[in-house]
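Let's take a walk through this structure together.

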Amino acid sequence: MNVLIHGGESLKRVESLLKLVTFKKSAKSEDMKEAIKSYLADGLSQLSTCNLHNVDRNNFLRKLAEVNEKAKVVESIKEDDWPEYSAFVNSRKMTTLREVS
């Protein structure tokens with residue numbers, strides 16, 4: 001299942017996810033990062049993205065799948081933390097309301 005939405009992700013989110021993925025230090029890796037940004041944030045098609053950034057489509061799909069796997073982990077952490085965070089925020093609101101009253 002894909003967590004990431006083609007053309008529906010913010011550039012900031014994509015850049016943050018790319019920090020979690022291992023890339024070799026090379027110009028091709030920078031091209032790949034730009035291709036993933038173009039696809040996820042700008043909404044370019046796979047073919048257009050690969051042609052624009054001069055990356056192999058199979059490599060692009062492999063790296064995109066890796067980014068999606070990292071996004072799944074991030075979403076899982078957020079889901080696990082939400083009840084605790086929500087309870088904390090609600091308790092802070094109650095404390096603030098009591099102080100105002």
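**Charges, rings and helices**

A search of the whole structure turns up eight salt bridges, each one being a side-chain nitrogen of Lys or Arg within 4 Å of a carboxyl oxygen of Asp or Glu. Side chains of opposite charge can pair when their charged atoms come close. Before we look at some of them, keep in mind that this is a predicted model, where local features need pLDDT of at least 70, side-chain atom pairs count only at pLDDT 80 or more, and totals for chains, interfaces and linings use all residues. Residues are numbered from 1 along each chain as its sequence is written, and side-chain values use heavy atoms, with hydrogens and water left out.

What is the overall layout? The protein has four helices and zero strands; helices (H or I, at least four residues) and strands (E, at least two) are DSSP runs, numbered from the N terminus. Buried residues make up 26% of the 101 residues, where buried means under 20% relative accessible area, exposed over 50%, and partly exposed in between (1.4 Å probe, protein chains only).

Now find K37, which takes part in a salt bridge with E34, their closest N and O atoms being 3.0 Å apart. Both sit in helix α2, three residues apart, or about one turn of the helix. K37 also forms a salt bridge with E15, this time with the closest N and O atoms 3.5 Å apart. That pair links distant parts of the chain, with K37 in helix α2 and E15 in helix α1 (residues 11-18), 22 residues apart. K37 is buried, at a relative accessible area of 15%, while E15 is partly exposed at 33% and E34 is partly exposed at 35%.

Over at R13, the side chain meets that of E9 in a salt bridge (2.8 Å, N to O). E9 counts as buried at 9% relative accessibility, whereas R13 is partly exposed at 23%.

Next, look for the rings: the structure holds one aromatic pair. The ring centres of Y39 and F60 are 5.6 Å apart and their planes are at 85 degrees, so the pair is edge-to-face (rings of Phe, Tyr and Trp, its six-membered ring, pair if their centres lie within 6.5 Å; planes under 30 degrees apart count as stacked, over 60 as edge-to-face and the rest as tilted). Y39 lies in helix α2 (residues 27-42) and F60 in helix α4, so the pair ties together parts that are 21 residues apart in sequence. Both Y39 and F60 are buried.

To finish, turn to E79 in helix α4 (residues 57-100). E79 is exposed, with a relative accessible area of 59%.
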